[in-house]
Amino acid sequence: MPGLKGPSDYSQEPPRHPSLKINAKQPFNAEPPRSALIASYVTPVDFFYKRNHGPIPVVDDIERYSVLIRGLIDNPRELFMRDIKMLPKYNVTATLQCAGNRRTAMSKVKTVKGVGWDVSAIGNGVWGGAKLADVLELVGISKLTSTTKSGGKHVEFVSIDKCKEENGGPYKASIPLSRATNPDADVVIAYEMNGEPLNRDHGYPLRVVVPGVIGARSVKWLDCINIIAEESQGFFMQKDYKMFPPSVNWDNIDWSTSRPQMDFPVQSAICSLEDVTAIKPGKVKVSGYAASGGGRGIDRVDVSVDGGKTWVEASRYQKPGAKYISDDMNSDKWAWVLFDVTVDAPQSTEIVVKAVDSAANIQPENVQEIWNLRGILNTSWHRVQVRVGHSNM
């Protein structure tokens, strides 16, 4: 709607926490210190990574703001915030992770293109809003539908966000209609994060949250929803966020040979220690996060203090005081687990972590085996070097 969305430029960026590590200023991309991630199960908004492809949009008239649902359906409809908020509200605890998390470690093998994330392009939030399955029922798409009468098989989310990769057009991405209409997939049109209205960095006033899937599909600043026959043809679906073998380079790449990445593989990282950390000889606490995509839980987290020769199992938890069981109904299936274990570190060494999910998927040992030119999905064993010595080192 003309005049609804306010101007969007880099001079209007919102304020951020000073401890964030800024990986790019324009567009703004930043991650918290890794130690902030293990301070709480739910990541505070200030410490939730910021991932942007253009200037942060401004919505200056919330009363007129709306989302248009259209495409291969019989009854297109314009939904206002009041329409969304009249639907049943759900709170879904879900971890979002940028596909490029831990890219810096992959770039040490060979140069890759992309924002240089360390291990903190990930966060766990409580997302409040309406289930997408309920929203789609408003335009006549029943739950558990995989194809509309007109041949719609995918749901495309289009953002207010404008980005250079789309030649100044909007950011967009899609998911299969079968996922969108499945209430158990917990896809949410969210207007709250951690019990508060979304802020601008995280998609105010409405965003999509697709649990268990790379963050690139959880489109922020929602503008319209299109029901389409094929996957979105947007840049970030067709020319980015795809996984290729190490043999593919920028001279021989054929984007059509790989599908858009959806579920995130099993992942873990140590957050209590930096690389390199100087510690006193003796006991050292090793803490961090582990997560897997597709709603798979974490069955085990293993920690090694000798570079991977021997291992000890770490304890896993989500909510303090509650036992975590990966497939238990009381566990948050879309959320990370935090882990910790106390180990002996008598000498300088390499501490390593790897996780196993509920489908027995395990992280690959070496980053070389999964290197790819875009530097995505670095789920190799996470390693930190520690220097053991006296306190006056």
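The second largest pocket of this predicted model has a volume of about 320 Å³, a pocket being an open set of points on a 1 Å grid over the protein atoms alone, where a 1.4 Å probe fits, with protein on both sides within 12 Å along at least five of seven lines, and a volume being the space filled by probe spheres set on the points. This pocket is lined by 19 residues, among which Arg51, Gly114, Val115, Lys164 and Glu165 are the closest to its centre, where lining residues have an atom within 4 Å of a point. Local features need pLDDT of at least 70 and side-chain atom pairs count only at pLDDT 80 or more, whereas totals for chains, interfaces and linings use all residues. Residues are numbered from 1 along each chain, and side-chain values use heavy atoms, with hydrogens and water left out.

The largest pocket has a volume of about 420 Å³, and Ala105, Lys108, Asp275, His382 and Arg383 lie nearest its centre among 22 lining residues. Helix H3 (103–107) and strand E23 (382–388) are the elements that give two or more residues to this lining, helices (H or I) being DSSP runs of at least four residues and strands (E) of at least two.

Five strands form an open sheet of mixed pairing in the order E6-E5-E14-E9-E10, two strands being paired if DSSP finds at least two bridges between them. Strands E6 (77–80) and E10 (170–176) stand at the edges with a single partner strand each, so one side of each is left without a neighbour in the sheet. Strands E5 (residues 66–71) and E14 (residues 222–228) run parallel and are joined by 4 bridges, with Ile69 having Ile225 in E14 as its bridge partner.
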